[in-house]
Amino acid sequence: MKLWFKIVLLNVTIVVSLGVLIGMAIRGTVIKSMRSELTRQGESISKNLSDRIADFILLDDFYKTQEAIEDVLDKEKDIEYIFVTDNKGYLFAHTFEKGYPPDLMRWNPMPVDKLLSIQLLDTEKGFVRDIGVRIFGSMNPELHVGIKEARINQTLSRIRNLIIILTIIVTIVGSVLSLSLSKLITRPLNTLVKFTHDMAKGEFGKNIEIKSRDEVGKLSQTFNNLSHELEAYRRKMEESYKQMLRTEKLTATGRLSAGLAHELKNPLTSLKILFHTLKNNPVLTQEDITITLLAVAQLDDLLTKFLRFTRSDEFNPSYIYINSIIQQVINLVQFQIKNQSINVSLELNRLPSVKADSAMIQQAIMNLVLNAIEAMPEGGTLAISSKAEDSHIFISVKNTGSGIPDDIKDKIFDPFFTTKGDGTGLGLFIVYNVINLHHGETSFESDGNGTTFNLKIPVST
Ligand SMILES: Nc1ncnc2c1ncn2[C@@H]1O[C@H](COP(=O)(O)OP(=O)(O)OP(=O)(O)O)[C@@H](O)[C@H]1O
Ligand SMILES: [Mg+2]
């Protein structure tokens, strides 16, 4: 849930809850005060009317009594009915237009010792407050005035409508205000979030514009510093990595050059013999031309591969086929393989192309292959396999050497760790870093029967 939405939601919840609470509090107070006001008003009407009709009752004057009670009913809006009982307790006069209700005398029966009795009645027309008074002190005749509570309900519904309208207005105004306020808060936060995303993608060295001196401003300053520090750190790492890459390349190049020199010798010897023959008999046969072209092609092929291996040290990803790189590495180490009577077993399955730095991958595989060869001075089997599975490419380089002793297993990837007199100890370190750079994983298994290095590279890096 977005922050601005949470703030607006909080605002709406507060306003609506306040509206409901205020409504409930006002409702209680209004009902109480209006009821006591109506009761007071009813009592005063009843007492006045009782004084007015006392003589008519004494004279048993039904018409004047009826006239007086109807007159009051007309004038007072809150009165539902009025009725009067005579000395015997019978109904004497009333204002019920459609005849009086049969249970009328049971609505608010007045105790003998009381001059005033109030009873709340729940009628079809809503709540009615029956106010009964004795017209002549302790004597029987009673006057009952029914005061309607409709006015309370009308007032309440008016108040309710007012509160609802006010709540809606406050909610809308509050939402708009809190929305702009939350935008004010979330805008710099969003910039900060975007900045951290960029940093997570490796875009260091950028700056966030600091517009405020609050917590977000301080945080932005911290992130700016962090971004610059990370940039400086990355530059340093890249520089030292490049340096190591160059050192390692030089070593590998040195070792390869022995093999290269041997390989170059074959075509050169063919050419030398041919030209010796030509010196005595300068006639070029078709066979001579074929031998020359073959020798030149061999030289060209060898030098191209060698140069490709020694050239690049920048990260230049392109779509590459790892099987052909494995093949190239094997070709480059042909001399060592033959020299040490090593059997090569290749199990290269169909692979998709991957976006990777061809020179770096070649160097990584080359380092593993060289290590494998160096681990089998008395010969053995070098088995290289590749396969694609679960959007990853798996490469394994296995040798049947004596294995890596347990006590150095956790050191072999450390830079400059070597057990060889002429080693730099950078081979596996480079492998690890190159594969890491391609978001892959490097692992190995080793025992007395040999060692297997496994590389796992995601197809889309
Ligand atoms: N396939 C292997 N079999 C046995 N030991 C190995 C194998 N690969 C690596 N090691 C051990 O790990 C050490 C580190 O290997 P790494 O390739 O990093 O350096 P190195 O081969 O000694 O030197 P460099 O590769 O720089 O010439 C080696 O010295 C060796 O002891
Ligand atoms: Mg090595």
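What share of the contacts in the protein with a separation of 6 or more comes from residues 24 or more positions apart? The figure is 66%, where two residues are in contact if their C-beta atoms, placed from the backbone, lie within 7 Å.

Some bookkeeping first. This is a predicted model: local features need pLDDT of at least 70, side-chain atom pairs count only at pLDDT 80 or more, and totals for chains, interfaces and linings use all residues. Residues are numbered from 1 along each chain as its sequence is written, and chains are lettered from A and ligands numbered from 1 in the order in which they are written.

Now the overall dimensions. The C-alpha atoms fill a box of roughly 175 × 50 × 50 Å along the principal axes. The radius of gyration is 52 Å, whereas a compact globule of 461 residues would have one near 23 Å; the radius is taken over C-alpha atoms, and the globule rule is 2.2 Å times the number of residues to the power 0.38. Of the 461 residues, 24% count as buried, and buried here requires 20 or more other C-beta atoms within 10 Å of the residue's own, with exposed meaning 12 or fewer, partly exposed in between, and C-beta atoms placed from the backbone.

The domain assignment gives domain 1 (3-157) and domain 2 (314-458); such bounds come from an automatic or database assignment. Their C-alpha centres are 102 Å apart.

In total there are nine helices and twelve strands. Helices (H or I, at least four residues) and strands (E, at least two) are DSSP runs, numbered from the N terminus.

Take the antiparallel sheet. It is open and has five strands in the order β2-β1-β5-β4-β3, where two strands pair if DSSP finds at least two bridges between them. β2 (91-94) and β3 (116-123) are at the edges with a single partner strand each, so one side of each has no neighbour in the sheet. Neighbouring strands are turned by 20° against each other on average, direction ignored; axes are lines fitted to C-alpha atoms, for helices over the stretch in contact, and angles run from 0 to 180 degrees between N-to-C directions. Strands β1 (residues 79-85) and β5 (residues 142-148) are joined by five bridges, and phenylalanine 83 has histidine 144 in β5 as its bridge partner.

Helix α1 (residues 3-58) lies across β1, β3, β4 (126-134) and β5, at about 145° to β5. Leucine 9 is in α1 and is partly exposed, with 13 other C-beta atoms within 10 Å. Its C-alpha atom is 8.2 Å from that of serine 175, which is 166 residues away along the chain.

The other open sheet runs β7-β9-β10-β12-β11, with mixed pairing. Its edge strands, β7 (342-348) and β11, pair on one side only. Eight bridges pair β10 (residues 392-399) with β12 in the antiparallel sense, and isoleucine 395 stands opposite leucine 455. A hairpin takes β11 to β12 through two residues, with aspartate 447 opposite glycine 450.

Finally, helix α8 lies across β7, β9, β10 and β12, at about 20° to β10. Is α8 enclosed or open? Of its 17 residues, 15 are buried, so α8 is largely enclosed by the rest of the structure.
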